[in-house]
Amino acid sequence: MRNQLSIPDLNRCLVDHGVERVVRHLLGDQVKKSSGYLHVGNLNGDRGKDGEGSVAIYLTGPKIGRWYENTTDEHGDLVELWTLSRNISKGDALKEIKSYLNITNNSPLPAPRPSLKVVDSSKVDEPIEEISIPPGNERNLRYMENALA
C-alpha cells in the first residue's frame with residue numbers, strides 16, 4: 001500500500017468533497033453558479049464585469065472539477081486551481097489540501113469514484129433497477145443519485 005496520494009488522487013478527493021464547496025472555499029462569495037458551471041472573474045476570486053467571470057469551473061460531466069480561464073487560456077484541475085488561487089507552490093498546496101480534507105500520511109487511499117456512463121434512455125429496453133456502490137462511499141451514492149435524477 002502506498003503512503004503518498006498522487007495529485008490525481010487528491011484532485012479526485014477534492015471533487016468528491018464537492019466542487020462548489022472547494023471553489024467557494026478558495027475563491028469566496030464572488031463565485032456565480034449557472035447551468036453546470038461556476039463562474040468567477042479571475043483566479044483571485046474577483047467578481048468580473050457584470051457578474052460574469054472569465055473563469056469557468058465544470059460542476060458535472062467528464063470534466064467535473066476542471067477549470068478554464070478564458071482570457072489567458074490557462075486551465076487545470078482543482079489542485080492547480082488551489083495552487084494558483086493561493087499563489088503558493090505545488091508542495092504547499094498539496095499540504096494545504098491534505099489538511100483541508102483531513103488526510104494524514106497514514107490515511108488509506110480513498111476508493112475511486114465510480115464512473116458514470118450517459119445512456120440515451122429512449123434506447124434502453126429495461127429500466128436500471130440497481131447501482132452497485134462500494135461500502136463506505138455514501139458521498140458517491142449521493143453524487144450518482146443526483147447525476148441520475
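User: Exposed means over 50% relative accessible area. Is N102 buried or exposed, then?
Analyst: This is a predicted model. In it, N102 has a relative accessible area of 67%, so the residue is exposed.

User: Where does N102 lie?
Analyst: In the loop between α3 and α4 (138–148). N102 is not a glycine, yet its phi is positive, about 55°.

User: And what is phi of N87 near?
Analyst: Near 55°, again a positive value in a residue other than glycine. N87 sits in the loop between α2 and α3 (90–100). With 70% relative accessibility, N87 counts as exposed.

User: Switching to helices. At what angle do α1 and α2 pack?
Analyst: About 50°, with the axes 8 Å apart. Helix α1 covers residues 7–27 and helix α2 residues 78–86. The angle makes α1 oblique to α2.

User: Which residues of α2 make the contact?
Analyst: L78, V79, L81, W82, S85 and R86. The α1 side includes I7, L10, L14, V19, V23 and L27.

User: How many residues of that contact are nonpolar, polar or charged?
Analyst: The contact of α1 with α2 has 13 nonpolar residues, three polar and one charged.

User: Now the core. Which residues touch the most other members of the largest nonpolar core?
Analyst: L14, V19, V23 and L81, out of 27 residues in that core. Elements giving two or more residues to this core are α1, β2, β3, α2 and α3. Helix α1 provides the largest share, nine residues.

User: What does L14 touch?
Analyst: Leaving out residues up to four places away in sequence, L14 touches V19, V22, L78, V79, W82, I97, Y100 and L101. Of these, L78, V79 and W82 are also on the α2 side of the helix contact.

User: Last topic, aromatics. How many aromatic pairs are there?
Analyst: Two, taking ring centres within 6.5 Å as a pair. One of them is Y37 with Y58: the centres are 5.1 Å apart and the planes lie at 50°.

User: Why is that pair tilted?
Analyst: Planes under 30 degrees apart would count as stacked and over 60 as edge-to-face, so the 50° between Y37 and Y58 falls under tilted.

User: Which strands hold Y37 and Y58?
Analyst: Y37 is in strand β2 (residues 37–40) and Y58 in strand β3 (residues 55–58), so the pair ties together parts 21 residues apart in sequence.

User: What is the relative accessibility of Y37?
Analyst: Y37 is at 31%, which counts as partly exposed. Y58 is partly exposed as well, with a relative accessible area of 23%.

Terms used. Residues numbered from 1 in each chain as written. Predicted model: local features only at pLDDT ≥ 70, side-chain atom pairs only at ≥ 80, totals over all residues. Heavy atoms only, no water. Phe/Tyr/Trp six-rings, centres within 6.5 Å; stacked < 30°, edge-to-face > 60°. Helix = DSSP H or I, 4+ residues; strand = E, 2+ residues; numbered from the N terminus. Buried < 20%, exposed > 50% of the residue type's maximum accessible area, 1.4 Å probe, protein only. Axes fitted to C-alpha atoms, helices over the stretch in contact; angles between N-to-C directions. Parallel < 35°, antiparallel > 145°, perpendicular 65-115°, else oblique. Contact = heavy atoms within 4.5 Å. Nonpolar A, V, L, I, M, F, W, Y, C, P; charged D, E, K, R; others polar. Core = buried A, V, L, I, M, F, W, Y, C linked by side-chain atoms within 4.5 Å.
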